[in-house]
Every structure is written in C-alpha cells, then in structure tokens.
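Here is a short note for a colleague who is meeting this structure for the first time. Please keep the sequence and the model side by side while reading.

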Amino acid sequence: MTIELLKVENMNISFKDDESGTTSAVKDLSFYINEGETVGLVGESGCGKSVTALSLMRLIEKNSSFIEGTIELEGEDINLFSEKKMRSIRGNKISMIFQEPMTSLNPVHKIGKQIGEVLHLHALANKINCKEKTIEILKKVGIPRAESIVDEYPHQLSGGMRQRIMIAMAMACNPKLLIADEPTTALDVTIQAQILDLMKMLQEEYNTAILLITHDLGVISEMADRVIVMYYGQIVEEADVRTLFKNPKHPYTIGLLNSVPNIDSENEGRLIPIEGNVPNLGMIKSGCPFRSRCQHAYVKCHEKNPPLFKRDSQFVRCWLYEEEGVQA
Amino acid sequence: MSSYLFKRFTTMIITIVGVSVLVFMIIHLIPGNPVSHILGDYATEESIKELEMRLGLDRPILVQYFSYMFHAIQGDLGTSFITGYTVVEEILNRIPITAQLALYSIIFGSIIGILIGVIAAVKKNTILDQLAMLLALVGISAPGFWIALFLILLFSYQLSIFPISGYSGFYSLILPSITLGLGTAGSIARMTRSSMLDVIKQDYIRTAKAKGAGLFRLVFMHSLQNAIIPVVTLIGMQFGYLMAGAVVTETVFALPGLGSLIVSAISTRDIPTVQGLLLFMAAMIIIVNFVVDLLYTKLDPRIQYE
Ligand SMILES: Nc1ncnc2c1ncn2[C@@H]1O[C@H](COP(=O)(O)OP(=O)(O)O)[C@@H](O)[C@H]1O
Ligand SMILES: [Mg+2]
C-alpha cells in the first residue's frame, strides 16, 4: 500500500528583483512523494531544482522571496507553519544534504557536536547519552572508527567521509523525507557509488522517502522510482523511471537522454548535447520556454505555454502530445 | 616547540631589537641637550661636561647603545635623571593603572564592538544597521581627548556619578576605559559585521538551519564562533593603539599610569625614562600579538602549529 507523504500543489516561488517587481523562479509546481519512495528531480543547472528543494524546508531567504501554494506533509500544510513550528520539522521530519560536503560542515565544531546538535534540537538525546547515540548513528552509516571521529574536526576528513557525516546527521532523527541536492556531484565516481548505496541501504532500513536532485541521469536510473524533469522552473515531464528511460516524450527529456552515454541509444553511442542554455529568469514572456532549443517548435509553441498532458501515468508539457493525452 | 612557533618567536625577538635601535636613535637624535635642561639656564660649561660624563652621555653612541642593551637584558633600564628612582621601579609603580585601563577598555571595546557588529550584520541594511555603523564611525574617528572631555562634562560635572580626575580605585577607571575603548569598539564592530556577513552566507550555516537551529543558535553558536577569528587579530592589534591612547587618556584624567609618565618624562628630557618606557611598551605590544597568534589554535582547529 502506498501512503502519500508529501504533496505539493501549485507551488510558485519568486524572488524580489532589483526594481520593485518579482521574478518567478518556479511556476505552478505540483508533485507528490510517497512514503519510502525515491523521486528524482532532474534538469540542467538553473532549472530551479535547488530553489524547489530549499523551499520545501523554507530555507530560502524569506526577506527576498515568496513561496506560494500548499506543501502538505502528512496532510498538514507546512507552508502555513510558523517559523518555530517549521524549525521542529527541519532536520527531524524533513532533512537535507547538499552538494558541497567540503563546506557544509561547521569548521570549528567537532563532528560529534554537530551530529549531537540535531539530536539535542529535536530532544532525541540528553547530555548524558548524546555521545553514545552519536557514535551509534555513525556506526549505522558505516563510518569506521566512529569512537574517535566524534572528536575530530571536518577538515581532518575526506569529502566522501564528510558527505557520510552529512548523511548521518540527516538521518539522525529518522526523517520521513530526505532531500538530497546533488549529493554526489562533487565526489569521485567510486565514492559516488558508495554514497548512493548508503542512501539506498538507509532508505530500506527506515522507509525514508528521498527526493533526489541531480543532473546526472545515470544516478537517476540507478536510484529513482519516479522522475520529474524540470525546465525553466516548470515540470516538463513526469513518469516512472522505466517509462521515462524507455519512452521519453518531451523533446527536452529526449535531449537530456541523448546527451549522456547510454548503451541502447539509437545514436550508436554518439552524444548529442542540447544546443543553447536555460534562459535566465524573466526572459520568457510567453510561449513554451524550451521552444528556442527545440527542433519541433511550431507556431503554437511561440504563442502559448503548453499545459501538462497526461497519458497513463506519464505527464508531459508539450504541444506535440495535445492529441494523445488529456490535459492534466 | 614547533618550527612555526620558533620562527614566530625569533621574529618577535628581532622586532624587539629593531625597535630598541629605533627608540635609541630617535632619542639621541632629537635636538635639545638633556643635561643643560637638567641644570637649568645658568649652568656653566664645566658643570655640563661633568654631568654628561657622570651620565655616560659623552661616550660614542654605539657604545652607549650596547651598554644600554647589555643592562636592559638583565632588567636594568637605567635610573631616572629627575626622580632618582630606577626606570624599572617607575614602570612597576605605574603599570597597575595602565594595565587595568588597557584590560578594561579591551573588554569594554570587545563586548560592545562585537555586540554592535553582530546586531548590524543580523539586521543588515536596516535602520539599526545604519545606526550601528554610524556609531562605530563616531567611535573610531572622535579624538580621545574630545570623548574624555565630553564624558567628564556629562557624567562627572553634570551628573556627578564619577570622579573628574585622579585615581581612586576601579571607579575612577570607568570613564577612562570607556574613552579608550570606544575607538576599539568601533573598529571591532566594523570587523565583526563584515566577518559575520561573510560567515552567514556559508554553506554550513545553511546546514545548521536545515537541522532546525533557531536564530540565536545560528548567530552565536555557528556564525560568531567562525566570524570571531579575524576579530581576535584585530583585538590584538588594538593593544598598540590602546597604549598610544593611554597617553592622552591618562593625561586628561590625571591618572598616574605609564602614559602620563611618558608625557612628563618627555617634557623634562628624562632620557632613561622615555627610552625605557618606549622599549617596554613596544615589547608589550609585540608580545601581546604573539600571544594572540597562539590563541588562534584554540579558536580555529584548522590552524595547527606543528
Ligand atoms: N536567492 C536568489 N535570488 C534570485 N534568484 C535566485 C536565487 N536563488 C536562485 N535563483 C535563480 O533561480 C533559478 C534556479 O536556480 P537553482 O534552483 O539554483 O537551479 P538548479 O538547482 O536547478 O541548478 C536560477 O535562475 C537562479 O539564478
Ligand atoms: Mg542546484
């Protein structure tokens, strides 16, 4: 049985710009994550993946940004929560790990203190048993010599080890949802695999849902159950992982797949990058934001931004599929 | 001792020696014969010669320097021309006041400065921030004697809370410490603010937020501990300014410390006292900065002198 854990509806994220207006970074985003499920969020750099992730925990600067829409966690709209209530969610029910393990840990605090802090913040440990619990957690994420590492500082550890510490910290309170924003991008390939394995193992043990953000489709194919493809702050395609890799629909998704090595690709191993870049925020006033990079673009694409069309359980935001699908 | 510390220690000694040469040169090259000053306008040529000989001032300057340093190393800085006490006795007599003054003003300046800097950084670009930075600017740029007179007028003359001048225990050091500490507070506030703004942007602060830390914890347990590191260097360097400031402050408040001693020694051409004091103060400043360097390892675990 699947239980819905997180349900985001019509989320809009905008930033105040230099003038007195706002620029929209994420538009009308709706998606859900089930308990224990891994949802991949892919897209090129600048698509709004990190902004989305940070907004779920309300970690973007609140003075210069707006988050609209509902973010339901276990049926409660946490977007309406007070800052204080939100603090009790962070690190506890939803936790997050980041791209840069080298800079994500506080350089002047010992590892033990940093992990102990999250236990302390959510009242899962007291002064007496904190160290013991911390070591227990470190052992669980497979950290060798956990007893001595608690007394070390981040600079004494490698990048892969620091990311393990970040994972230990994120999993310390047994969260319902782990948001991992490019968790392996900064790491060596061999370490990447270890980190992904670790996340998988912990997920199985604790039934944690993972929102895995990456621009690496290889990571997605290995980890995700369902995939959301984002472009210019919008969902352009959503499907379960098999469907997406076998039968991608949106020209952007197809472009992404063609630009990575793939054994059974039609291009006989040739990689075809997508021409051009993600437009800067506010550049596209109307029409489909991908049209300038799209081979199939026609008149309609310039006039109107397509809605999401649904067919079976696959969603695609492209006029090419207007006939086939139902508007979602 | 680690090689870094050894290097640092050697540099410190060389600096002190360099300072001693400089001090010696300045004193012996400035115009005005101390002996004729001591003996007054009606001194005869002969009595001047005789006194010069007795004080050793007739020897070549290099000989004077080495003889001075030879004694200085053994803790003998000579005897005052005027009072007849040894310079070391003079310093020991006066140092409690200056040391207290320096300590209190460093404490005052650091607490106020760091607090204001933190508030300004947390409330960046608000009225509060602008006000704080204006205050810091005033603290840095207002001359010590002006602040002193202002404080005396307000707290001693108008409100009669503090004594106007002279030393009568801790109480009489409050206004002088504030006077002296304000400039320090201003510089520290500025440095703290910019350092905090830098730290607040760091990834590990975002991590702390993601763990559920509140504002107080973020500011004081995560940001400040990192932001304070460059501030500590500044506090060490402020010690030099404090010594300079003590000269004015002690004079205005008529406190019998090293600062007022040096003023009176200069006006009476009391060469051994001036020389000994300058050397002593310079050495103190250099040593304090060395100690601050050592403190760094305690603050920043990434720095290890090994
Ligand atoms: N604090 C901010 N203020 C203004 N614009 C921002 C801010 N953070 C991100 N953006 C913009 O939002 C867009 C999406 O950024 P991001 O979510 O970091 O992309 P991704 O993680 O997919 O690479 C980018 O165009 C970026 O410039
Ligand atoms: Mg990103």
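1. **Basis.** This is a predicted model, in which local features need pLDDT of at least 70 and side-chain atom pairs count only at pLDDT 80 or more, while totals for chains, interfaces and linings use all residues. Residues are numbered from 1 along each chain as its sequence is written, chains are lettered from A and ligands numbered from 1 in the order in which they are written, and side-chain values use heavy atoms, with hydrogens and water left out.

2. **Chain B, elements and extent.** Chain B has 12 helices and 0 strands. Helices (H or I, at least four residues) and strands (E, at least two) are DSSP runs, numbered from the N terminus. The C-alpha atoms of chain B fill a box of roughly 85 × 55 × 30 Å along the principal axes.

3. **Chain B, burial and contacts.** Of its 306 residues, 43% count as buried. Buried means under 20% relative accessible area, exposed over 50%, and partly exposed in between (1.4 Å probe, protein chains only). Take the contacts in chain B with a separation of 6 or more: 71% of them join residues 24 or more positions apart. A contact means heavy atoms within 4.5 Å.

4. **Chain B, surface and charge.** Chain B exposes about 16000 Å², and carbon and sulfur atoms supply 70% of it. Accessible areas come from the Shrake-Rupley method with a 1.4 Å probe; for residues, only the protein chains shown count as cover. The chain carries 18 positive and 17 negative charges, and their mean positions are 21 Å apart. Lys and Arg count as positive, Asp and Glu as negative; His and the chain ends are not counted. Each charge is placed at NZ of Lys, CZ of Arg, CG of Asp or CD of Glu.

5. **Salt bridges.** Side chains of opposite charge can pair when their charged atoms come close. Over all chains, the whole structure holds 17 salt bridges. The criterion is a side-chain nitrogen of Lys or Arg within 4 Å of a carboxyl oxygen of Asp or Glu. In chain A, salt bridges link A:Glu37, A:Arg226 and A:Glu238 in a network.

6. **A pair in chain A.** A:Glu83 forms a salt bridge with A:Arg58, with the closest N and O atoms 3.9 Å apart. The two are 25 residues apart: A:Glu83 sits in helix 2 (residues 83-89), A:Arg58 in the loop between helix 1 (49-56) and strand 4 (65-73). A:Glu83 is partly exposed at 29%, and A:Arg58 is buried at 17%.

7. **Two pairs in chain B.** B:Asp293 forms a salt bridge with B:Arg8, at 2.7 Å between the closest N and O atoms. B:Asp293 lies in helix 12 (residues 271-299) and B:Arg8 in helix 1 (residues 3-29), so the pair ties together parts that are 285 residues apart in sequence. B:Asp293 is buried at 18%; B:Arg8 is partly exposed at 21%. B:Arg302 forms a salt bridge with B:Asp300 at 3.0 Å. Here B:Arg302 is partly exposed at 42%, and B:Asp300 is buried at 7%.

8. **Where the chains meet.** Helix 3 of chain A (residues 111-121) is mostly covered, with 8 of its 11 residues buried. A:Glu117 is one of the buried residues. The cover includes helix 4 (130-140), helix 5 (146-149) and helix 6 (159-171) of chain A, together with helix 10 of chain B. B:His222 lies in that helix 10 (residues 215-252). B:His222 is buried at 1%. Among the residues that B:His222 touches are A:Asn106, A:His109, A:Glu117 and B:Tyr204.

9. **A nonpolar patch.** A nonpolar surface patch of about 860 Å² includes B:Phe145, B:Trp146 and B:Leu159. Patches are made of residues with over 30% relative accessible area and no salt bridge; like charges are joined within 9 Å, nonpolar side chains (Val, Leu, Ile, Met, Phe, Trp, Tyr) within 5 Å. Helix 7 of chain B (residues 144-158) gives the largest share, 5 residues. B:Leu159 lies in the loop between helix 7 and helix 8 (174-200) and is partly exposed at 48%.

10. **Backbone points to check.** A:Asn174 is not a glycine, yet has a positive phi of about 55°. A:Asn174 is in the loop between helix 6 and strand 7 (177-181) of chain A. A:Asp312, also not a glycine, has a positive phi of about 50° and is exposed at 69%.

Note on methods:
Lists of a residue's contacts leave out its neighbours within four places in sequence.
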